[in-house]
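Subject: Structure handover

Hello,

I am passing this structure on to you. Please open it and keep it beside you while you read my notes.

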2 protein chains.
Amino acid sequence: MNRTCENGSLRAADAGKKVSLIGWVSKRRNLGSLVFVDLRDRSGIVQVTFDETMAEKVKEVRSEYILSVSGTVQLRKDPNPKLATGEIEVLAEEGTIVNRAETAPITIADDTDTNEDTRLKYRYLDLRRPVLQKNMILRHKVCMIARRVLDEKGFVEIETPILARSTPEGARDYLVPSRIYNGRFWALPQSPQIYKQLLMIAGFEKYFQIARCFRDEDLRADRQPEFTQIDIEMSFGDENTIFATVEDLMKAIFKQTVGYTLEDSFVRIPYAECIRRFGTDKPDLRFGNEIIDLSPIFKDTEFAVFKGVLDNGGVISALKFENAADKYSRKGLDKLQDFVKHGFKAKALAYLKMEKGTLTGSVAKPLSDAEKAAVAEQLCLKDNDLVLIIADKLKIANTALGALRVRLGHELNLINNDEYKFLWVTEFPMFEYSEEEGRWVAAHHPFTAPVEADVDKLFSDPEHVSSRAYDLVLNGYELLSGSIRIHEQDLQEKVFEAIGLTMEKAKERFGFFLDAFRYGTPPHGGVGIGLERLVMVLAGTDNIRDVVAFPTTNSSLDLMSESPNVVDQAQLDILGIEIANKNKE
Amino acid sequence: MNRTCENGSLRAADAGKKVSLIGWVSKRRNLGSLVFVDLRDRSGIVQVTFDETMAEKVKEVRSEYILSVSGTVQLRKDPNPKLATGEIEVLAEEGTIVNRAETAPITIADDTDTNEDTRLKYRYLDLRRPVLQKNMILRHKVCMIARRVLDEKGFVEIETPILARSTPEGARDYLVPSRIYNGRFWALPQSPQIYKQLLMIAGFEKYFQIARCFRDEDLRADRQPEFTQIDIEMSFGDENTIFATVEDLMKAIFKQTVGYTLEDSFVRIPYAECIRRFGTDKPDLRFGNEIIDLSPIFKDTEFAVFKGVLDNGGVISALKFENAADKYSRKGLDKLQDFVKHGFKAKALAYLKMEKGTLTGSVAKPLSDAEKAAVAEQLCLKDNDLVLIIADKLKIANTALGALRVRLGHELNLINNDEYKFLWVTEFPMFEYSEEEGRWVAAHHPFTAPVEADVDKLFSDPEHVSSRAYDLVLNGYELLSGSIRIHEQDLQEKVFEAIGLTMEKAKERFGFFLDAFRYGTPPHGGVGIGLERLVMVLAGTDNIRDVVAFPTTNSSLDLMSESPNVVDQAQLDILGIEIANKNKE
């Protein structure tokens with residue numbers, strides 16, 4: 001087993017060299033007295049040829065057997081341009097079967113032929129597929145780059161506990177019963193939030209951690225019960241310092257993995273402006289087609305529908321798509337209308353088309369010529385332009401148009417898939433009203449600082465308090481969120497009060513944390529970057545399981561190890577817990 | 001807050017520079033109209049001087065306040081040689097209080113004055129102590145170096161699940177109840193063992209992970225419920241490849257942290273030889289004084305005690321300490337006898353001293369002159385040499401002398417504390433007999449390969465089967481353990497059988513893992529390096545809590561967050577579990 005090189009590394013220049021290789025049999029073909037074996041290792045595949053004197057050695061070899069081979073590299077008569085090693089082959093002079101293999105239940109060479117559940121059950125075979133190997137190595141590279149960049153900037157990686165205290169905010173905690181203290185529990189952290197703020201209080205100034213986080217949520221397609229966060233916190237800075245750090249990090253990652261040069265500094269748009277222009281706090285900036293408010297044009301309209309909406313405080317807003325009128329038939333537009341009605345509760349979708357200098361479409365008739373001329377002028381309409389209009393409450397119109405914008409962006413191929421457009425969305429609302437709980441709750445988390453000018457509105461006008469929370473958005477996805485934290489104990493107590501958390505309750509939940517603020521807390525803030533999402537973008541996949549070595553299904557099952565599973569009664573006895581349903585049996 | 005440099009970085013060469021600093025007030029002294037503040041940040045401490053025009057600004061400042069200061073660096077009249085910045089001070093021209101602090105419940109400047117429980121409760125303040133800051137940064141450095149070295153060697157870091165399947169081997173699992181599947185549980189992994197072997201089966205060839213591990217054991221002083229392991233696994237290699245990888249890793253870590261150059265390749269000693277020479281599988285090689293078997297000298301002895309022991313198959317073994325006879329009085333030797341009797345069940349401790357050419361001591365009288373002469377010759381005894389002798393069963397004699405060797409090594413200052421002596425202990429026994437379970441159990445873990453020559457003794461003579469398990473020992477501490485794994489399914493099944501695990505039981509526990517061996521498993525092996533132990537050695541501390549940011553007490557309590565803690569009944573209801581004791585109330 002004295003392997004001299006990696007299979008995928010051999011090239012025409014190596015012809016004549018003696019090599020020793022090892023790997024899995026990816027394919028085996030017989031051609032008369034010759035046997036060809038595609039030998040695969042992590043680096044790639046190379047063809048090994050066994051002539052008639054050697055064929056006997058590999059007679060019993062089948063797919064996924066492990067072979068050790070020595071031989072001479074030679075140029076191929078028929079190069080295979082699809083293979084990086086396609087110009088050469090290795091003529092085997094020695095060959096040993098290292099281990100045998102039964103017929104695999106999934107096809108490793110082909111990515112698509114087996115259903116995902118079977119592939120998850122045999123994940124160790126699924127992971128042999130070159131695309132998954134590439135993704136895992138990419139994930140490793142991203143982490144290596146992140147650590148190098150942050151280390152060079154003076155950040156220190158500090159591990160925080162996974163057996164932590166339960167702090168019920170937002171998503172549910174996974175609990176861990178204590179054996180020593182029966183009846184008490186640890187919780188797996190939803191993020192290292194409290195610990196990293198304590199590290200700032202402890203004076204570490206610049207902390208990071210590529211940290212495992214846990215959320216016991218009903219899973220969506222892009223979530224896993226455990227996930228990883230590039231977690232960063234720093235003292236004595238502000239948004240500018242934090243953004244610069246993250247931007248340098250992203251620039252290094254994108255340059256060194258996909259070879260893409262990001263803009264020198266990223267666009268920043270405050271939340272309110274973002275919603276107004278794009279109808280979402282996660283806009284895809286790879287294309288324009290922003291939302292346009294047409295309301296002023298219609299302030300004296302006689303068109304009853306628009307008039308009614310405006311009288312009720314609503315808006316008339318629109319999107320324009322150039323040269324797209326002929327791409328949406330009546331039927332196509334009906335589909336768009338269904339989309340905004342059912343998905344976003346909009347009452348209707350109106351449209352106008354500029355056809356040979358004339359505006360046609362669902363509202364062409366009820367609108368006056370002056371109104372139509374004003375619309376054409378405001379939108380600079382040219383022939384074959386399409387205008388989609390929603391007259392509704394502001395929030396509904398914005399959200400529906402925001403979604404339509406993305407849908408048409410894809411349908412009309414307005415998006416350059418090779419582009420990466422970053423955007424900081426800043427000044428998120430401090431609070432949001434929870435109908436369920438009948439109170440204002442923290443929109444980000446209760447440690448987020450309000451914008452200084454809004455502090456006096458905490459109680460009088462919570463709806464309009466902006467926070468120093470921010471998101472980094474990439475191509476329409478939220479890549480991270482973060483905030484400047486509160487560092488004064490007084491203000492922290494006020495914010496708790498504003499969300500209806502009495503100091504008593506707050507102390508019960510975060511007592512030790514509130515205590516810590518008394519002893520010289522530096523101004524600080526940070527971010528948590530979703531590692532899986534970042535790697536998904538770089539790998540060009542929409543399936544989170546493509547970037548996680550051992551993922552669960554969407555319903556939180558590990559099909560490979562069949563877990564969660566039942567455990568011995570003895571184990572439960574030691575922990576002092578019982579399964580509740582058992583009593584009912 | 002435009003900090004221009006770090007406090008600890010200022011030197012005499014900076015005199016005359018304008019600087020802006022920020023940090024915590026470590027000490028504040030008034031000297032007439034002048035106020036001196038020691039301002040501390042992560043980098044160190046610098047003295048800031050406020051003259052009478054500025055003193056007002058810092059009138060209310062106390063320890064642990066955060067101050068922002070601008071001023072000019074100037075040479076001190078009385079340099080402080082204890083401080084790295086001791087040649088200079090900063091004359092304050094501006095000063096702002098950034099945040100206030102109450103009186104801290106622990107003294108940060110002094111390491112020793114507060115009891116550990118109080119320091120753990122206020123860990124965020126304890127962590128301000130420079131020694132702990134240094135240790136955390138050291139830990140970060142060790143991880144950075146490990147990742148760089150392994151990455152350069154082609155290892156890929158892959159994250160494995162923390163919500164894993166319960167596999168009850170050895171220490172107890174922490175369990176996590178499933179909300180979606182009430183009555184089923186995840187387990188926190190004791191190590192990524194199974195996952196990393198699956199990654200070898202998946203063809204990753206070289207894996208590593210700085211991985212969190214969990215063991216629900218009754219804690220010893222040097223254990224924590226969660227700990228971190230530099231986990232490594234590789235395919236297609238053997239002991240030599242693995243040892244070389246770990247040696248390169250250690251060389252880089254020791255060179256780049258403490259500036260120590262390790263030996264080019266580490267000593268290897270098989271387990272049996274190690275026990276024979278040092279009485280332990282974790283010998284401290286910084287000094288000699290190996291165990292010497294004197295039995296042959298006494299094979300025809302008339303001394304009843306020795307004769308009895310030898311007749312019962314025991315041994316007469318000894319340690320020699322040069323020039324130490326006068327350092328152990330009768331009373332001192334009695335203490336040593338107590339030590340081996342109570343700690344190691346030895347029946348007695350005999351001794352001889354070479355005094356002015358004559359052997360004296362507890363067995364000088366009963367031994368014949370010829371025997372004494374033979375002992376003196378075999379041990380090359382010189383004046384003032386001390387010989388400690390145990391006549392007992394082999395195992396007792398070895399263990400007791402091994403412990404005595406270390407004790408006297410320390411007492412006699414035979415150990416160079418600046419030295420790092422590594423040692424591979426190889427070929428550990430495959431099995432050990434569990435009195436408790438009445439069967440042979442895996443000494444390492446059941447996936448460890450037996451030495452090839454011993455495979456046919458698996459059932460006939462399990463006691464004498466050697467395995468391909470190894471430890472790396474440093475200065476008497478086990479730093480890592482690892483093994484070459486079994487890669488053939490047949491052999492794996494045999495080993496399970498040998499430890500009394502029926503295939504049915506084995507399949508129930510490791511079914512998916514055994515399945516995986518069918519599909520082309522490469523030869524593989526690896527190690528798990530205890531990160532905390534490694535950093536403790538480098539930091540020169542015996543307290544594991546000195547190298548963990550947020551540790552628990554020895555009884556597994558987090559005094560800072562007061563966890564584990566009780567949780568709401570609603571949380572338990574969701575998880576479908578009940579606290580067992582509740583029913584009894």
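This is a predicted model: local features need pLDDT of at least 70, side-chain atom pairs count only at pLDDT 80 or more; totals for chains, interfaces and linings use all residues.

**Where the chains meet**

Start with the interface. On chain B, 117 residues are in contact with 117 residues of chain A. The two chains bury about 10800 Å² between them. Carbon and sulfur atoms account for 59% of that area.

There are polar links as well. Between chain B and chain A the count is 12 salt bridges. Take B:Arg179 and A:Asp216: their side chains meet in a salt bridge, at 3.2 Å from N to O. Residue pairs in polar contact between chain B and chain A number 67, with both residues at pLDDT 80 or more. Which helix gives the largest share of the side of chain B that touches chain A? Helix H3 of chain B, residues 130–152, does, with nine residues.

**Domains of chain A**

Chain A is divided into three parts: domain 1 covers 7–99, domain 2 covers 133–266 + 423–547, and domain 3 covers 287–415. Note that domain 2 is written as two segments, 133–266 and 423–547. Taken over C-alpha atoms, the centres of domain 1 and domain 2 of chain A are 50 Å apart.

**A helix in chain A**

Next, look at helix H13 of chain A, residues 531–539. Eight of its nine residues are buried, so the helix is largely enclosed by the rest of the structure. The buried residues are A:Leu531, A:Glu532, A:Arg533, A:Leu534, A:Val535, A:Met536, A:Val537 and A:Leu538. Just after H13(A) comes A:Gly540, which takes a positive phi of about 70 degrees.

**A strand in chain B**

Finally, go to strand E10 of chain B, residues 226–235. Is this strand mostly covered or mostly open? It is mostly covered: 10 of its 10 residues are buried. B:Glu226, B:Thr228, B:Ile230, B:Ile232 and B:Met234 point one way from E10(B). B:Phe227, B:Gln229, B:Asp231, B:Glu233 and B:Ser235 point the other way.

E10(B) has paired strands too. Strand E9 of chain B, residues 206–214, pairs with E10(B) in the antiparallel sense over nine bridges. There, B:Thr228 in E10(B) is the bridge partner of B:Arg212. Strand E22 of chain B, residues 524–530, also pairs with E10(B) in the antiparallel sense, over seven bridges. In E22(B), B:Val527 is the bridge partner of B:Ile232.

Best wishes

Conventions:
Residues are numbered from 1 along each chain as its sequence is written. Chains are lettered from A and ligands numbered from 1 in the order in which they are written. Side-chain values use heavy atoms; hydrogens and water are left out. Buried means under 20% relative accessible area, exposed over 50%, partly exposed in between (1.4 Å probe, protein chains only). Helices (H or I, at least four residues) and strands (E, at least two) are DSSP runs, numbered from the N terminus. Two strands pair if DSSP finds at least two bridges between them. Domain bounds come from an automatic or database domain assignment. Contact means heavy atoms within 4.5 Å. Buried area is the accessible area (1.4 Å probe) that two parts lose on being put together, summed over both. A salt bridge is a side-chain nitrogen of Lys or Arg within 4 Å of a carboxyl oxygen of Asp or Glu. A polar contact is a pair of N or O atoms within 3.5 Å; within protein, one must be able to donate a hydrogen and the other to accept it, and residues adjacent in sequence count only if both atoms are side-chain atoms.
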